[in-house]
Every structure is written in structure tokens, then in C-alpha cells.
2 protein chains.
Amino acid sequence: MRENLTENLLIAQSGGPTAVINSSVCGIIVEAKQQGRVGSIYGAVNGILGVLNEDLVDLRQEDPSTISMLRNTPSAALGSCRYKLSKDDYSRLLQVFVAHNISYFICAGGNDSMDTAHRVAQLASEKKHDVRVIGVPKTVDNDLMVTDHCPGYGSVARFNAIAVRDSGLDTEAIYTADPVKIIETMGRDAGWITASTALGKEGEGSAPHLIYLPERPFVATSFLADVKSIYDRFGRVVVCVCEGLRDEQGEFVRASTKQIDTDKFGHAQLGGVGDYLVNLVSEKLKIKARCDKPGTIQRVSMMCASQVDLDEAYLVGEAAISRAVGGESDKMVTLVRKSSDPYECETGLVELEKVALRTKKVLNEFINKESNFVSEQFLEYARPLIGGPLPEYAHLERKKVERHLSARA
Amino acid sequence: MRENLTENLLIAQSGGPTAVINSSVCGIIVEAKQQGRVGSIYGAVNGILGVLNEDLVDLRQEDPSTISMLRNTPSAALGSCRYKLSKDDYSRLLQVFVAHNISYFICAGGNDSMDTAHRVAQLASEKKHDVRVIGVPKTVDNDLMVTDHCPGYGSVARFNAIAVRDSGLDTEAIYTADPVKIIETMGRDAGWITASTALGKEGEGSAPHLIYLPERPFVATSFLADVKSIYDRFGRVVVCVCEGLRDEQGEFVRASTKQIDTDKFGHAQLGGVGDYLVNLVSEKLKIKARCDKPGTIQRVSMMCASQVDLDEAYLVGEAAISRAVGGESDKMVTLVRKSSDPYECETGLVELEKVALRTKKVLNEFINKESNFVSEQFLEYARPLIGGPLPEYAHLERKKVERHLSARA
């Protein structure tokens with residue numbers, strides 16, 4: 001039967017890899033095989049670049065056990081890219097679609113990718129080429145519009161919640177030597193990732209103590225006063241800060257010696273805010289500080305991927321192809337939350353145009369009024385996404401032994 | 001019966017926290033309770049500082065389930081410190097020991113702590129105060145002499161093996177945008193941690209491609225040639241580099257703008273080599289590079305602690321108190337490898353003097369002749385320590401689809 005089918009499917013992964021984008025690809029492939037309509041299932045090598053270069057692989061020839069294992073394989077197994085298409089590129093895409101009888105194009109990515117997908121859909125429609133284009137949301141940044149949250153976010157949130165809690169226990173133990181720690185998280189334009197570090201906080205004295213998001217201008221004097229206040233109270237401070245932090249002039253906060261590069265979309269490539277704050281604390285408060293910057297490890301690692309996230313990534317992949325076969329196009333699959341407690345979520349659809357190139361910032365009600373931490377509402381929003389409670393640790397009661405000596409001179 | 005016992009035990013944790021030092025404390029406490037001889041079990045709050053300040057807690061009053069949970073709790077539950085003792089401090093320590101009838105002093109730490117423990121043992125012996133002092137090896141740096149390896153190392157090795165593998169898959173997927181990644185690991189004087197990143201390497205093209213250890217002087221021209229060569233071959237390069245890297249003049253390799261601080265022992269506090277290499281690659285090779293620096297997260301996180309490491313940490317704690325009760329003093333417990341395949345290890349003892357203040361460097365035969373990677377022998381040494389194989393991932397075969405078009409202009 002398959003040999004007679006000419007409605008071929010092409011899958012592309014785009015932008016920064018995540019722990020769960022392969023789970024989406026797995027969902028697309030498994031569902032496509034179940035749909036009677038889909039002929040060949042192709043993957044584009046390195047995203048849209050693979051389409052342009054006609055560099056396609058045949059995913060029907062992969063062992064089913066390999067496809068199944070994609071559900072727990074991090075990064076982007078087909079390869080990804082960051083590439084801004086020129087006008088000529090779009091017509092080349094259509095040529096490739098026509099040459100390979102592509103009837104379904106599913107692209108997993110962030111807001112740049114959704115723009116690319118939208119333009120492809122528009123051009124195909126203009127040229128009367130029948131290809132259905134569906135976007136699969138994918139971004140650790142969690143900054144896509146309309147969808148409740150983005151696959152990839154739950155896992156980076158779980159990673160950071162655990163990493164900051166553990167690293168906070170480290171500071172708590174060795175605060176007499178290393179009292180201040182700055183943890184720099186990812187987040188280009190929105191602070192969702194940085195905010196997620198609060199999910200590991202166990203009590204007033206535990207990490208993180210302070211959280212700074214790019215949704216609020218960074219004011220050095222307020223930051224220093226905040227750090228000083230926590231330090232005076234607990235003798236230690238763990239600060240989580242977003243790489244995309246900007247000052248009141250809208251400039252990135254960064255170590256002044258660092259070069260800021262730009263990617264193909266003209267987005268600034270960030271880094272250095274952690275080192276900058278380490279120097280600020282050392283110089284202005286004369287308190288020793290250090291910086292952890294887990295970088296790409298946080299976005300891609302399977303170390304503590306969220307099961308909810310892995311499952312939802314699969315689900316949006318599955319929905320993308322079934323909606324495409326059902327006749328939809330120029331849409332992105334969304335996650336629609338029905339309830340937070342118990343957590344229930346289902347898929348929906350939105351026009352690509354409504355998500356392309358737009359950024360969902362952390363909501364005002366998710367940030368405290370001092371602009372140095374998240375709100376309880378944020379925690380309620382984010383908690384279900386990290387896939388269950390964090391591992392439980394021992395906390396000693398530390399019952400004091402009576403002193404027999406006078407204090408040390 | 002316990003009320004009549006006056007042979008009290010004091011436990012201290014010292015230096016940087018790890019994922020497994022609490023497992024050692026658990027082993028000490030559980031075994032001490034089983035020994036008929038031990039009366040009170042005290043913990044020093046923040047290591048030797050707690051002893052000096054007579055800041056002790058009663059560990060017999062902790063709930064047994066809390067003690068048991070220490071086996072899977074990261075960081076140092078009693079608190080730790082980095083503190084260099086003065087001559088007066090040593091006599092104060094003895095005063096505290098006498099005031100609380102301390103007959104057993106168990107100190108978990110690295111080579112500085114073993115020096116402290118040794119001096120305490122010596123002074124006690126001079127002053128005819130009967131306290132038995134046993135050191136418990138603890139350091140992610142794996143740089144203690146005599147012992148085959150150090151509790152704490154297996155877990156940081158597993159963390160880095162997984163983190164670098166995952167982060168390497170990230171680079172592999174997005175190399176067209178981000179071709180070079182520098183991952184800066186911990187390691188003050190020895191490259192054991194950096195070397196462990198090789199345990200995640202799956203094949204020639206996979207990460208890490210290059211590893212630079214402080215055991216070999218860093219030569220920028222060789223480094224750049226190495227990076228260029230891998231880049232030309234695979235289009236991407238993942239470099240793992242030790243924070244303690246030094247150049248041919250013995251100076252730390254670092255971003256020139258960074259301040260180098262020193263800790264209480266006069267050891268340099270490092271950082272910045274990752275950023276330095278990012279700039280070097282960008283400027284000299286004109287290839288885009290970025291840096292991940294997991295910092296304290298790598299040393300303390302329970303995310304992927306090695307079960308072998310957790311078990312051995314417990315074992316050395318248990319051995320410490322049973323050896324002390326058996327009459328030993330001024331010694332450190334060691335791990336003695338009986339066999340690598342199947343892996344078998346037991347505990348031994350060594351004079352504290354033989355480990356105090358000394359550093360075990362990565363062995364010559366563990367480093368390749370180009371000084372840019374580890375040897376197979378190192379992998380055989382380290383593999384059993386990380387507690388089983390890494391999670392298995394899917395690898396697509398990527399069977400090419402035949403091209404129908406001419407190449408893109």
C-alpha cells in the first residue's frame with residue numbers, strides 16, 4: 001500500500017537543541033506511520049539548510065527501535081541550524097518540496113522557525129502548491145505566544161531547579177569561604193528559565209535568594225542592596241541571573257571586556273553577566289563571589305529531563321501530523337492547560353502568524369514587586385511542568401551540644 | 001549502657017562539598033552506633049571552625065531516618081570550611097577535645113584537611129591526650145596520594161561524562177551556527193576531573209575532541225592547531241579544559257582581565273580559562289566559540305551521582321570509625337583496587353603524613369603523547385568509578401534520499 005502513496009512528509013528541527021525535541025520527532029514519525037495517508041517520511045539534515053541543500057534522509061528506513069529510542073535522546077538527531085532565509089531561498093524550498101512530492105512539512109522550532117514555516121506556507125498557497133505546513137513548538141526559552149508553555153522548558157526548568165538547589169547547598173556548607181554565588185542561566189529575551197530556578201527553593205534561607213529577569217531593568221544599586229541584605233541575614237547569597245539582563249538604558253549587562261556577537265537573525269549572543277556581577281559584588285561589597293554557568297548543558301542534558309515534558313513533546317509531534325493529515329496548514333500546535341491541580345493539558349492549534357517572531361515575556365504577575373524574585377503564581381504555573389517533586393534530602397536538626405569552655409579569643 | 005561510655009566521637013567535614021561526603025558521615029555514624037565503645041557522637045558545625053568555636057551538635061539525637069537519608073543528600077550537611085589553623089588554634093582544638101571527652105576524631109577532607117588532622121594527632125600524642133585521629137578521603141579533585149581514587153570523584157566524573165556527551169550532541173546538531181565549544185571543568189592542581197569527560201566519548205567524531213590538563217604546559221599555538229585540525233575534519237570541536245591550566249611559564253591561563261583571588265591556604269582561586277580560549281579561537285581562527293562552565297554544580301550535584309562512589313564513600317566512613325576503635329590513629333583510610341574487571345575495591349590505611357599537603361597528578365601514562373587527550377589506560381582506570389554505563393541514546397543511520405535537483409546556487 002505504501003508504495004502507492006505519494007503524500008510525503010518532511011520533518012525539520014530548528015534552532016537550539018533541547019532534551020525533548022527528538023521526542024517530538026518520534027511522535028511525528030510514529031503517528032505518520034499510523035496515518036494511512038503518509039508515504040515517505042523524510043528528515044531534513046540540519047533543519048532548513050538540509051531542505052535548501054536537498055540533504056534529506058529516509059526515516060522509514062530507520063530501525064523502529066531507533067525511532068523509539070529518540071524519545072529519550074537529547075539534542076536534535078536530524079541536526080539543526082540557525083539560518084535566515086533569503087527571498088530566493090523560499091522558492092528553492094518549494095522546488096525541493098515539488099521534487100520530492102512533499103505534502104506535509106512539519107517544523108519543530110521557536111519563533112524564528114515559526115516565521116520561516118509561515119512564509120513557506122504563504123508562498124506555497126500563492127503558488128498553488130498543496131503542502132500543509134505545521135509548526136511544533138520547541139524552545140527551552142518558553143517564550144512562544146499563545147501556547148501555555150513550550151516543550152523543552154519543563155526539562156531545563158527541572159535541571160535548573162535541581163542544579164541551583166544542589167549548588168545552593170554547596171554555598172550553605174562552605175559559606176565561610178565562598179559566600180556569594182552567581183548562577184547565570186540562559187534566556188535571550190525572556191526570563192522563564194531563570195525564573196524556574198525558584199522551583200528548587202525549600203525555605204527562606206535556601207537558594208535561590210535572588211532572581212533577576214530581563215523583564216525588569218537591572219539597577220546595580222538595588223542589586224547590591226539586595227545582596228547585602230541577604231548576606232547580612234544568612235551569611236550567604238545565591239543569585240540567579242538571566243544572560244539576557246539589560247540595564248535601564250536597554251543595554252545588556254555584561255563584563256565590559258566581553259565581545260557581543262550576533263547570530264544570523266541579528267540576535268545578540270550573550271554571556272558575561274555572571275562574571276560582571278561577580279566583579280561588582282567583589283569590588284563594591286568586598287565579599288567574595290564566584291559564578292556557575294551551565295550554558296548549553298542546561299538546555300540539552302537528559303540528566304534530569306522532565307517526564308511531563310518528554311510526554312508533551314511527543315504529544316505535540318503526534319498532533320502536528322494528525323492535524324496536517326486532517327487538512328490544517330499554516331498553524332502551530334499549542335499546549336492548552338485545562339487544570340493545574342491535578343495537572344491536565346491538551347493540544348490546540350494557532351495560526352503561525354500569531355506566534356512568528358513574537359516573544360512571550362514572563363508575566364507581570366509572575367514577578368514580585370521588588371523585581372528580585374518570582375511570585376507564588378509563577379510557582380503554581382511552573383511546578384506541574386517539571387514532572388514531579390525534586391528528590392528528597394536529609395536536613396539535620398543540629399541539636400546543640402552545651403559549651404564547656406569560654407569563647408575563643 | 002551508652003550513658004557509661006565516655007569515649008566520644010567527633011566528626012568534621014572539610015573543604016569543598018561533594019555529592020557523597022554525607023554518605024561517608026552516614027557510614028561513620030551507623031558504624032559508630034554499632035560499635036559498643038562509642039559514647040556520644042558529635043558533629044562539628046562548619047568543620048574545624050566548629051571545633052574551635054565549640055560549635056558542636058549531637059548526632060545521636062537525629063532521627064535515624066534522617067541519618068539514613070544522608071546517604072543520598074549532596075553537599076556537607078554539617079557544614080564545611082576552608083580555614084588554615086594557627087599554632088594557638090591547635091591547642092584550642094585539644095582543649096575542646098578534653099572538655100568533651102573526645103576519644104575519636106574523624107575528619108573527611110582533602111590534602112589540606114589531612115595535614116590538619118595529622119598535626120592534631122601529633123599534638124595530642126605530644127600532650128599525652130588519648131584521641132585517635134582518622135582521615136576520610138574526600139575530594140572531587142581525586143588528587144590524594146596513595147589511595148586508588150577519592151570518594152567524590154566518581155560522581156563528578158559521571159556528571160561531566162554525561163554533561164559533555166549531551167553538550168557535545170548539542171554542538172553536533174547546531175555546529176553550523178555554534179561550531180566550537182569550550183567546557184571548563186574544575187581541578188586546581190590536577191586534571192583528573194577534566195580527564196573524566198572522555199568517559200562520555202562514543203566515537204571519533206563525538207565529544208570531547210580535545211582535553212587539556214594542567215599536567216602539561218598549555219601552548220597556544222598547539223592548541224589552535226589542534227582545534228583547527230578537528231574543525232577541518234568534523235566542522236565542530238568540543239574542548240574540555242581544566243580551570244587550573246598553566247602556560248610554559250607556569251602562569252595560569254586565563255582571561256587577562258580576571259582577578260585571581262586566593263583562598264585561606266594561599267591556593268589560587270581560578271576561573272576564566274574557558275573565556276580566554278573562546279576569545280583565542282574567535283580572534284585567531286575566526287571561528288565562533290562559546291563556553292560552558294558548570295562550576296560548583298558539577299562537584300555537588302546528585303543529578304547523576306555514581307552509585308559506586310556513594311557506596312565507597314559510605315564504606316570509607318564505616319572503616320574510619322572501626323579502625324579508630326580498633327586502635328589506629330594518625331592514618332587516612334584508602335581505597336585499594338583489587339581488580340578493574342570485574343571491579344573490586346577494599347579499604348586500607350596510610351599514615352596521614354604521606355598524604356598531607358601532597359597532590360597526586362594525573363599519571364603520565366594516562367595522557368596521550370600529543371598532550372591533548374587521555375589514554376586508553378586512563379579510561380580503564382576511571383570507567384568502573386562512574387557506576388555503570390551511561391544512558392543509551394538513539395543514533396539515526398541517516399540513509400540519504402536521492403537528489404532530484406541540481407545543487408543550490
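Predicted model: local features only at pLDDT ≥ 70, side-chain atom pairs only at ≥ 80, totals over all residues.
Reader: Which residues of α5(B) are buried?
Author: Residues are numbered from 1 along each chain as its sequence is written, and chains are lettered from A and ligands numbered from 1 in the order in which they are written. Buried means under 20% relative accessible area, exposed over 50%, and partly exposed in between (1.4 Å probe, protein chains only). In α5(B), the buried residues are B:Asn111, B:Asp112, B:Ser113, B:Met114, B:Asp115, B:Thr116, B:Ala117, B:His118, B:Val120, B:Ala121, B:Leu123 and B:Ala124.

Reader: How many of the residues of α5(B) are buried, and against which elements do they pack?
Author: Helices (H or I, at least four residues) and strands (E, at least two) are DSSP runs, numbered from the N terminus. Helix α5 of chain B is mostly covered, with twelve of its 16 residues buried. Contact means heavy atoms within 4.5 Å. The buried residues pack against these elements of chain B: α2 (48-52), α4 (87-99), β4 (102-109), β5 (132-137) and β12 (331-340).

Reader: What length does α5(B) reach from its first C-alpha to its last?
Author: The expected span of a helix is 1.5 Å times one less than its number of residues. For the 16 residues of α5(B), at positions 111-126, the expected value is 22 Å, and the helix comes close to it, reaching 23 Å.

Reader: By what rotation is chain B superposed on chain A?
Author: Copies are superposed by least squares on the C-alpha atoms of residues with pLDDT of at least 70 in both. The shift along the axis is 0.0 Å and the RMSD is 0.0 Å. The two copies are therefore related as by a two-fold rotation axis. The rotation is 180°.

Reader: Which residue of chain B comes closest to the rotation axis, and what percentage of the contact residues of chain B recur in chain A?
Author: Taken by its C-alpha, the residue of chain B closest to the axis is B:Pro294, at 2.1 Å. The same surface serves both copies, and the share of contact residues of chain B that recur in chain A is 100%.

Reader: How much area do chain B and chain A bury between them, and which residues of chain B lose the most?
Author: Buried area is the accessible area (1.4 Å probe) that two parts lose on being put together, summed over both. The two chains bury about 7900 Å², of which 54% is on carbon and sulfur atoms. Together losing 10% of what the side of chain B buries, the residues that lose the most area are B:Met303, B:Leu396 and B:Arg408.

Reader: How many salt bridges cross the interface, and which element supplies the largest share of the side of chain B?
Author: A salt bridge is a side-chain nitrogen of Lys or Arg within 4 Å of a carboxyl oxygen of Asp or Glu, and the rule finds six across the interface of chain B and chain A. One salt bridge joins the side chains of A:Asp170 and B:Arg299 at 2.7 Å, N to O. The largest share of the side of chain B that touches chain A is nine residues, and these come from α6(B).

Reader: Where is A:Asp330 found, and is A:Asp330 buried or exposed?
Author: A:Asp330 is in the loop between α11 (307-325) and β12 (331-340) of chain A. Its phi is near 60°, a positive value in a residue other than glycine. Because its relative accessibility is 17%, A:Asp330 counts as buried.

Technical notes:
Heavy atoms only, no water.
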